[in-house]
Amino acid sequence: MPMNRPVTTALAAALCLLTAACGSSSDGKAGDATAEAAASKSGYPVTLDNCGQKETFDKAPSRVVVMNGASVAEVSTLLALGLGDKIVANQQTYGNSEVPGRAEAIKKLPDGDVKQNDAFDVPRETMIGLRPDLVLSTTAYGFDEKNGFATRDQLKDVGAHSYVSPQGCDQDTAGMTIADSHQLLRDMGKVFHVSDKAEELIAASEKKIAAVADKVKGEKKPKVMVLFSNMSMGGNDFSSVVAKGIYNDILAEAGGANAFENASEGSFADLSKEKVAATDVDALVVIGYNDPDPAAYAEKLLKEFPQWPAARNNTYVTLSDSMYLGPSNDLAVEEIAKMLHPDAL
């Protein structure tokens, strides 16, 4: 049975009087303090609780694989933090961006010569062969063995950390907000020891969004349709219409509301042409995902539904990565607010 704390402390004090052991004990404390100071200066170790799994980083990753996930959130976040040189294989691209030079910067990143599997992402064996020390996935889907991907445990076995972006743990992004974009920035800032840069970007984004929201406060909230151009996700004519998620948070900050928010419990609604035609749409936000001309799609849609107020007033805007999880939501808020409330801005 171990001794209780008071007895142990008294015994240690007695030994100090009889031996020179206290000197070495003091040196040990000094060594501990030095080690703690060094750790504090280096910023490591860093531990993230990610989807119920703890990931502890002893140093900044240098071989990052960014999975596809039909996203640009992770690669854009790394580029915004100046970490493009850490990427050995990137599978994300939207083809265009509201941030000058970002689409070109993404295009120049190495892709690891990856041949994607039937799930349009990095197969298990290819992933292991890339020798990553960090793998980023928008949702837990990217680590599901059933999809042909390396699991988080399999990656850990070869010395690789893994990370699922905010709201991606259960693969349901309907509750995603702008705060999740900021959390992604904050987490990557910690992992790569660039927290100052991350907090600077977050503060600038929050300030810009708050300024726009203040200008449109009290204005009538037009009903906005948000959808991806030339993309099919279901069986109906309009299967890429946004219902919930970060898009609605962006609309709210810009002084608008989603015309189809109640059309689905998930992030997207799969709608018939009749349902779309029967809904008043005051404005249109078209998201271009690897579409070279989303404006042409928007104009075609407005001609198809001339009864919409959006069609009568030709009220639309085309966006890309700023409408998605990532570091540039403030740009989407600003652009949408200009469309909806030009006199206020």
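**Close-ups of a disulfide and an open sheet**

The structure holds 1 disulfide (a pair of cysteine sulfur atoms within 2.5 Å). This is a predicted model, where local features need pLDDT of at least 70, side-chain atom pairs count only at pLDDT 80 or more, and totals for chains, interfaces and linings use all residues. Residues are numbered from 1 along each chain as its sequence is written, and side-chain values use heavy atoms, with hydrogens and water left out.

**View 1. Cys-51 and Cys-169 are joined by a disulfide.** The S to S distance is 2.0 Å. The torsion about the S-S bond is about -85°, so the disulfide is left-handed. Cys-51 is partly exposed at 32% relative accessible area, and Cys-169 is partly exposed at 41% (buried is under 20%, exposed over 50%, partly exposed in between; 1.4 Å probe, protein chains only).

**View 2. An open sheet of 4 strands runs in the order E4-E3-E5-E6, with parallel pairing.** Strands are DSSP E runs of at least two residues, helices H or I runs of at least four, numbered from the N terminus; two strands pair if DSSP finds at least two bridges between them. At the edges sit E4 (87–90) and E6 (161–164), each pairing on one side only. Strand-to-strand twist averages 15° (axes are lines fitted to C-alpha atoms, for helices over the stretch in contact; angles run from 0 to 180 degrees between N-to-C directions).

**View 3. E3 (residues 64–66) and E4 pair over 3 parallel bridges.** Val-66 has Asn-90 in E4 as its bridge partner. Helix H3 (residues 73–80) packs on the sheet, touching E3, E4 and E5 (134–137), at about 135° to E3 (contact means heavy atoms within 4.5 Å).
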